[in-house]
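Subject: Structure for you to look at

Dear colleague,

Here is the structure I promised to pass on, and my notes on it follow below. Please keep the sequence and the coordinates open beside them as you read.

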Amino acid sequence: MAINFKEISQIVKNIFDKYNKSKFMLENYNQQDKNYDLYLLVKFALNDLDEDSKRILTQEYIKKRESHWWNDYYSQTTYYSLKRKAMEQFLACLKR
């Protein structure tokens, strides 16, 4: 069953929300929270991605840049194509 763009985007967003909370606890309170293992998995997965995929996921879900930040890098069509690829690769890395 194919998953649509909106669904995959929500799944990735939920993962990064947990990642960001865990990162905050670690950096500000030097504490590992219940999502620490996920935090480590996300870090490893990001390191396995190509440059475009890593940039897109980092800008969108970690740095939470303003909308259309990608105009400096990609056309709209290219951006959404690369974003889908990035999300799929990221989830595949987490499954390994």
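In helix α2, the residues Y36, Y39, V42, A45 and L46 are buried, where buried means under 20% relative accessible area, exposed over 50% and partly exposed in between, with a 1.4 Å probe and protein chains only. Helices here are DSSP runs of H or I with at least four residues (strands would be runs of E with at least two), numbered from the N terminus. What covers these buried residues of α2 includes α1, α3 and α4, contact meaning heavy atoms within 4.5 Å.

Before going further, please note that this is a predicted model, in which local features need pLDDT of at least 70 and side-chain atom pairs count only at pLDDT 80 or more, while totals for chains, interfaces and linings use all residues. Residues are numbered from 1 along each chain as its sequence is written, and side-chain values use heavy atoms, with hydrogens and water left out.

α2 has 13 residues and reaches 19 Å from its first C-alpha to its last, close to the 18 Å expected at 1.5 Å a residue; the expected span is 1.5 Å times one less than the number of residues. The axes of α1 and α2 come within 9 Å and cross at roughly 110°, the axes being lines fitted to C-alpha atoms over the stretch in contact, with angles running from 0 to 180 degrees between N-to-C directions. The two helices α1 and α2 are therefore roughly perpendicular to each other (65 to 115 degrees; under 35 counts as roughly parallel, over 145 as roughly antiparallel and the rest as oblique). On the α1 side, I15, F16, K18, Y19, S22, K23 and L26 meet Y36, L38, Y39, V42, K43 and L46 of α2. The residues of this contact divide into 9 nonpolar, 1 polar and 3 charged, with Ala, Val, Leu, Ile, Met, Phe, Trp, Tyr, Cys and Pro counted as nonpolar, Asp, Glu, Lys and Arg as charged, and the others, Gly among them, as polar.

Turning to α3, D50 caps its N-terminal end, with a side-chain oxygen that lies 3.1 Å from the backbone nitrogen of D52. The buried residues of α3, which pack against α1 (5-29), α2 (36-48) and α4 (76-95), include T58, a residue that counts as buried because its relative accessibility is 16%. A polar atom of the T58 side chain lies 2.8 Å from the backbone oxygen of K54, and T58 also touches K63 and K64, not counting residues up to four places away in sequence. Just after α3, K64 takes a positive phi of about 50°.

The axes of α3 and α4 come within 9 Å and cross at roughly 90°, so α3 and α4 are roughly perpendicular to each other. By class, their contact has 8 nonpolar, 2 polar and 4 charged residues.

Two further residues may interest you. S9 in helix α1 counts as buried because its relative accessibility is 15%, and a polar contact of 3.2 Å joins the side chains of S9 and Y61 (a polar contact being a pair of N or O atoms within 3.5 Å, of which, within protein, one must be able to donate a hydrogen and the other to accept it, residues adjacent in sequence counting only if both atoms are side-chain atoms). K95, in helix α4, counts as exposed because its relative accessibility is 75%.
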